[in-house]
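Student: I've got this model open on my screen. Could you walk me through one spot in it, up close?

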Amino acid sequence: MAAQLPSSFSERMMDMLGTDYNQFADSYKETPYGGVRVNTLKISVESLKALSTLGLEPIPWCPTGFYTENGARPGKHPHYHAGLYYIQEPSAMAPVELLNIEPGDRVLDLCAAPGGKSTQISAKLLGKGLLVSNDLHPERTKALAKNLELYGVRNGIVLNESPDHIAAAFPLFFDKILIDAPCSGEGMFRKDEDMVKQWDSGTPAKYASMQRDILRSAATALAPGGTLVYSTCTFATEENEEIIAEFISEHPQFSVVTVGGTGSFAPGFGELSGTARLWPHKVKGEGHFMAVLQHGGTKRSMEERDHLEVKLNESARARTTTPKSAAHVKSSNKSEGRRGKEGKPSHKPTGGADRGRQVSGDEQALTAYGNFVRDQLGWEPQGYPVLFGDHLYISPLPKERLNGLKTIRPGWYVGQIRNGRFIPGHPMATALHQEESCRSVSLSSTNHEAISYLKGETLSISQERLSIRIGSAQKGYVLVCIDGYSAGWGKWQDGILKNEYPAGWRWM
C-alpha cells in the first residue's frame, strides 16, 4: 500500500489488537482480494462455474461468492454485461448472508448504493416478496437503479429518501432490514487510498451520530419478529459495538443474535462478543463489522400481514394524491430519450376499453402494453402497472404506497408508449429468461458476435438461428442472449438483426 496509515489510527489499532497488530499492519502490504458473486436470478452456481474461465475459488461465508485471480478482469467479459455475476469485494458479501432471507420476505436495503447487496438480496428472494432499495444521495441512486436493472430484478423499488420518511410510510412493515451504514471506511484503507486521505481522528464520531439516527428509524419500520443486520466497513468501536450497545439499551425489544458460521468471523469486543468482525490479517478480504439484531415480538401470520396491508393501502390513499415520485422517476437509458414526464401515476387493468365511451390515455397505453405482452411474451408479468407520463413500470406495490416518497424506480421498468405503440425497455429484456420470449437468439461469448452486439452493431442472423415459439411471427422484437442468458433486445427482419442495445450501456 502506497499511502501511509494515519499515526492516530495506528496507535488506536495497536491498543485494540495488542500482539496481533504487526500481522494486521503487514496485511496492508498485500494486494486486495477481488471477487464475483453469481447472479442466481439468471444462472446457477454450477452453470457459471462450467461456463466461466475466471478461475473461481469459493469464498467461505458466501455460497455464491468466489475469489478471482489477481489480474483477472471480470468486467471485460460478455458474461458481466449479461448480468451473470456482480463484481464485489469478498467481505462485503457477508452481511446479506446473515439476514437469512427467504422468498416472499419484504426486505429494505436502507443504504443500498451502488447495489451490490441489493442484487444479492434479490437473488435470495427468487422474484417473490418485495425489495425496497434506498439511498440518500441522488447521484448514487443512478448506479443503484442500473445495477438492479442489469441483474434482472423484477420485484424491486428504488427510493431516494431519508430513513425516517421511509419508516413513516412503512411502519412495522419489513421482515428483514439491512443497514450497511455510512462509516469512516477504515476497513477499506488497503483497497482505497482516498479513504485514508479523507480520514482524521474525528471521523468515527461524525459518522456515529448518523448511524444512531438510521438505526432508530429502521427499528420503527421492522415488523414484529423481524431481523435487522447492521454492518460497517470500519474498525472503530464507536461506530460498531458502542452503537449496538446503545441501541439495545434504548430498544429492549431487540437482542443480539450470536453470529456463528464458517470460522471466518471473529467475535466483537466486550459484551458484544456475539457480533462479528472480519479482519484483513485473518481472512482473504477487507475489514468488516456485522451485528444481527432480532425483534422479540411475535411474527405475524400471513393472514395478519395481509390484513395490515389492506389498512396501510387505505391509509396511503388518504394521503396526498400528488406523489413526489412523479418528478423523480427516470429511466437510466438517457440515450434513448426515456425521461418520464411529470404527472400522476396510474395503474388500471390491461385490456381494451368499452365501446361507446372515450378511451383515456392510460387505457390506450395499457392496451398497447397488453398487445405487446401477448405477441412477444405469451404470458403477463404479475404486479401493479404504474404509468409515469408515457413510461410504464410493473410494481410490487400499489401506486398509493409510494405517495409522498422520492421514487427513482416504482418497479420493473418495462417500456414506453410512443405514438400509441409499446416500445419495450432494456430492463425488461435483462430480466427475462430465454424461454419467456416468443422470439430469441443466442450469441456465443467465444466469438465476435456477442461483443459486436454489446457495442451496438447490426448483425447478420439467419432465420435458422432464431428460436421462435410455435404460432409466433418471425418478424419483430427478439430477445438477444449471450450463451443463453438475456442481454437486450434486437429487431429481426430478412436476416438482419437491428441492434436495440442502449447507447449508455454499450461495451467501451
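Tutor: Let's start at one glycine and then move to a strand and its partners. Keep in mind that this is a predicted model.

Go to Gly-187 first. You'll find Gly-187 in the loop that links β8 (174–180) to α9 (193–198). What does Gly-187 touch, leaving out residues up to four places away in sequence? The list is Cys-233, Thr-234, Phe-235, Glu-286 and Gly-287. For a sense of scale, pick Lys-475: it sits 288 residues from Gly-187 along the chain, and their C-alpha atoms are 54 Å apart.

Now look at strand β13, which covers residues 288–295. Of its 8 residues, 7 are buried, so β13 is mostly covered. Strand β9 (residues 222–232) runs antiparallel to β13, with 6 bridges between them; to see one, click on Thr-227, whose bridge partner in β13 is Gln-294. Strand β10 (residues 254–257) is also antiparallel to β13, this time over 4 bridges, and there Val-257 has Val-292 of β13 as its bridge partner. Then comes β12 (residues 276–278), joined to β13 by 3 bridges, again antiparallel. On that side, Ala-276 is bridged to Met-290 in β13.

One thing to bear in mind as you trace side chains: in a regular strand they alternate between the two faces of the sheet.

Terms used: Residues numbered from 1 in each chain as written. Predicted model: local features only at pLDDT ≥ 70, side-chain atom pairs only at ≥ 80, totals over all residues. Heavy atoms only, no water. Helix = DSSP H or I, 4+ residues; strand = E, 2+ residues; numbered from the N terminus. Contact = heavy atoms within 4.5 Å. Buried < 20%, exposed > 50% of the residue type's maximum accessible area, 1.4 Å probe, protein only. Pairing = 2+ DSSP bridges.
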